[in-house]
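Let's take a tour of a protein model, one stop at a time. Keep the structure open and find each spot as you read.

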Amino acid sequence: MKCLQRQPKLSRAEELRRCARSQKVTQMNVKLLGLEGDADLQFLLQGGDLLKVRSTSWKKTRFFKLQEDCKTMWHESKKTFKTNQTCECCPSIPNTFSVDEISGVRMGRQSEGLRKYTEEQVEGRCFSIMFKGRRKNLDLIASSEEEARKWVNSLEKIISNLNNLTCQQKTEHWIYSCLRKADKNKDDKLSQSEVQNFFRLINLDVDDDYAEMLFKKCDKSKSGYLAGEEIEHFYDLLTHREEIDVIYGEYAKTTGFMSSENLVEFLLKEQREKATLADAHKIIEKCEPDENVKQKKLLSKDGFLMYVHHPEAWILNPVHKDVYQDMSQPLNHYFISSSHNTYLMEDQLKGPSSTEAYIRALLKGCRCVELDCWDGDDDEPVIYHGYTFTSKILFKDTIKAIKEYAFKTSDYPVILSLENHCSVKQQEVMAHHMSTILGSALITAPLGDGMPTEFPSPEELKGKFLIKGKRLNKLEATFATKAAAADDTDVTEEEESNDEEEKEEAKESSKKKKKLKLAKELSDMVIYCKSVHFHGFEDARQNLSFYEMSSFKEGKAMKLAEESANAYIRHNVEKLSRIYPAGSRTDSSNYNPVPLWNAGCQIVALNFQTTCTDMDLNLGRFVVNGKSGYILKPAYMRDIATEFDPITLTRGDWLKHKTLHVMVISAHQLPKVNKKKSSIVDPLVKVQVHGVPADVAEKETNAVDNNGFNPSWNENFQFDVYVPDLALVRFVVEDYDSTSDNEFVGQYTLPLSSLKMGYRHVPLLNKNGDLLPSAGLFVHIMVIDAE
């Protein structure tokens, strides 16, 4: 790709000056990362050649290096002539990616591309860079095993250090990068026009008169540009937080500083925390940047700002970030994070299938994954969406990927939900692969000695895999005599309806349902999750054992949740229920999971690959309890005699009327929605409550024109919440548009019971559920008893 703008030939003096300036910029960023003199960082900054792999025939050398901002990787082609090379002076050319976009770096031939397009002998030289969202992996081969390890270790170190920056450090890093980009002629000075360019980069449209006033206020040398301390003064004015001044001023009663006693008063009165002087001293030690102030056990305004931005002071209760619930209850007493068509990266008609989709779901804490299994070539079963144009992946490779990544995020059990369309012969191959690959982690017999009467707990099943699927006989038969058990080995079971059959349900109702012959080896692996058809709550109560579970298409499940909610809840006290999207959702869209959770359904399966409000709610439900993928249902949803009905609320333990007060104060560093330089966000904030029908509500602020950098609202909202145990609170930032739908900017969802009160920072996630590094909301929260 050609350089978009030919650069004038530089004098040797200018080249040296730019080189020195580049080194200065790099040194500042290196210092910020705490990696002065680090050999791994220097390796990345120096860069090197790597072989990029796209197919068997497409393997090309590319030069990769870390740019001076220490967070952007840049690559060029070594094949093109020097005059036509892409270059760092052209930021619009897409030959860079941010380290923030990397979800992980994997050594070896772990990606599907490397396994498919390279030979085993290059295993040690291969590595893959995996990206967040839908961006494809970057598959690379180094010149030696040592060099490959160097790249992997160095990238992992830089990712870790960037992730560990404080919010203030991330802000400084981001703003300094924007200042550098705004300095068009790279002379370390900012002219008035460059200042206006800087405003656009930080998502702020500033009136010319105000920009001129601000510029003149900082240009104390009257030189017509800002340099050195003048830029620092400009930065201070820009990042000044009036709302912080007001809060801090109310409690800083000790010669302009907050004393430890002042801080305790603030924590007790505003943050509603049980705080002692020892707690205040810990905050000062952690957050106060000025050593002299710290020694006096005081907190400066800068220190207070760092406290407000510290993750422990965010809106999510830090205690709930770890596993805090009782994990010794039976498995069916928990909501379980669950995925539908887990193998798909996109839609379910022609999208690609990939083991990477399983990895992404598991790393997000998903505990129930779906495998649609079909006969493949060479007696190797494959996974894909049957009767469609989706690509196929080997069952064997999928099980290997699941084994590798199942317990990276959570130690608690993973359920493999099999939709089995295979011949008996290939079912035997499936059983063999699961047995040999998963080994002792696969549950193949009930825990304990006798026939169980209830599910084991997530705690008892830590690190284990459960198979959900059809079974030839009841589990009780395995405890009978061998002769009695053998009588059932020829039994066939009805095939569980797949989405395609469901669409034709009306046409096929008069036909005999298709039969599926099961391999005994596969059947015997189904212990706690036997798939059976649902014939009503009374039939299930009288005829089904606790481990026999039904799958419900969303339409049927929603109808039951609306018309027979209490019966559904009681059913789920004893048994598991799995819900899945309708087959008509060919775009892999999702349904609202909340009404199904309200009905006690545990395995509410969503398309994890699809970004939407429904998926945000799923992530919000499971963001707590250590992201374990298991959330304990309220006690009244675990009681077989419960009278709880989310549709028609009556008095009971569930009715705890609360009033939620939310003041949306301000936001900071919201990302651009439209990448055009001239585009500036007009943000508004929506606050939503999702829960039982009586609690569902939404309120929104006014839009702030042309300010995505530091908009402020100071608007108050009030919500009545009657069943707080089931309520989720969602903060959504949108870019207002008067002529069309607003565009999504960022969101954050969490359980109402996990809200921290007082002045809180709300982090924001992008569409893919990944953290926006510097963006956030500043709010005040209060939850009080209404009765």
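What follows is a short walk through a few parts of this predicted model.

## The cores

Start with the greasy inside. The largest nonpolar core has 103 residues, and the members that touch the most others in it are L371, L416, M434, Y568, F731 and L777. Apart from that core lies another one, with 28 residues, including L41, V105, F131 and L165.

Now zoom in on L777. Not counting residues up to four places away in sequence, L777 touches S666, A667, H668, V685, W713, F731, V733, R760, H761, V762 and L764. You've already met one of these partners: F731 is also on the list of core members that touch the most others.

## A residue in strand β25

Next, look for T659, which sits in strand β25, a stretch that runs over residues 658-668. Is T659 buried or exposed? Its relative accessibility is 7%, and buried means under 20%, so T659 counts as buried.

Which residues does T659 contact, once you leave aside its neighbours within four places in sequence? They are Q718, F719, D720, M782, V783, I784 and A786.

## A hairpin

Strands β26 (residues 683-690) and β27 (residues 697-700) are worth a look together. They pair in the antiparallel sense, over four bridges. Between the two strands of this hairpin there are six residues. To see one of the pairings, find K686 and look across to β27, where its bridge partner is E700.

## An annotated site

The UniProt record (an unreviewed entry) has a "binding site" annotation that covers D735, Y736 and D737.

D735 lies in strand β29, which covers residues 728-735. D735 counts as buried because its relative accessibility is 11%, and the cut-off is under 20%. Setting aside residues up to four places away in sequence, D735 touches V673, V681, D682, N742, E743 and V745.

Y736 lies in the loop between β29 and β30 (743-751). With a relative accessibility of 39%, Y736 counts as partly exposed. If you again leave aside neighbours within four places in sequence, Y736 is in contact with D682, L684, A703 and N742.

## Some positive phi angles

Here's a bit of background for the last stop. Most residues other than glycine have a negative phi.

N341 isn't a glycine, yet it has a positive phi of about 45 degrees. You'll find N341 in the loop between β12 (334-339) and α14 (355-363). At 1% relative accessibility, N341 counts as buried. D379 is another example: its phi is near 60 degrees, a positive value in a residue other than glycine. D379 belongs to the loop between β13 (368-374) and β14 (382-383). How does D379 count at 34% relative accessibility? It counts as partly exposed.

One more case comes after a helix. Helix α6 spans residues 192-201, and its buried residues are E194, V195, Q196, N197, F198 and F199. Following α6 comes N203, with a positive phi near 70 degrees.

Methods:
Residues numbered from 1 in each chain as written. Predicted model: local features only at pLDDT ≥ 70, side-chain atom pairs only at ≥ 80, totals over all residues. Heavy atoms only, no water. Buried < 20%, exposed > 50% of the residue type's maximum accessible area, 1.4 Å probe, protein only. Contact = heavy atoms within 4.5 Å. UniProt positions renumbered as here; feature names shortened; annotations may be inferred. Core = buried A, V, L, I, M, F, W, Y, C linked by side-chain atoms within 4.5 Å. Pairing = 2+ DSSP bridges.
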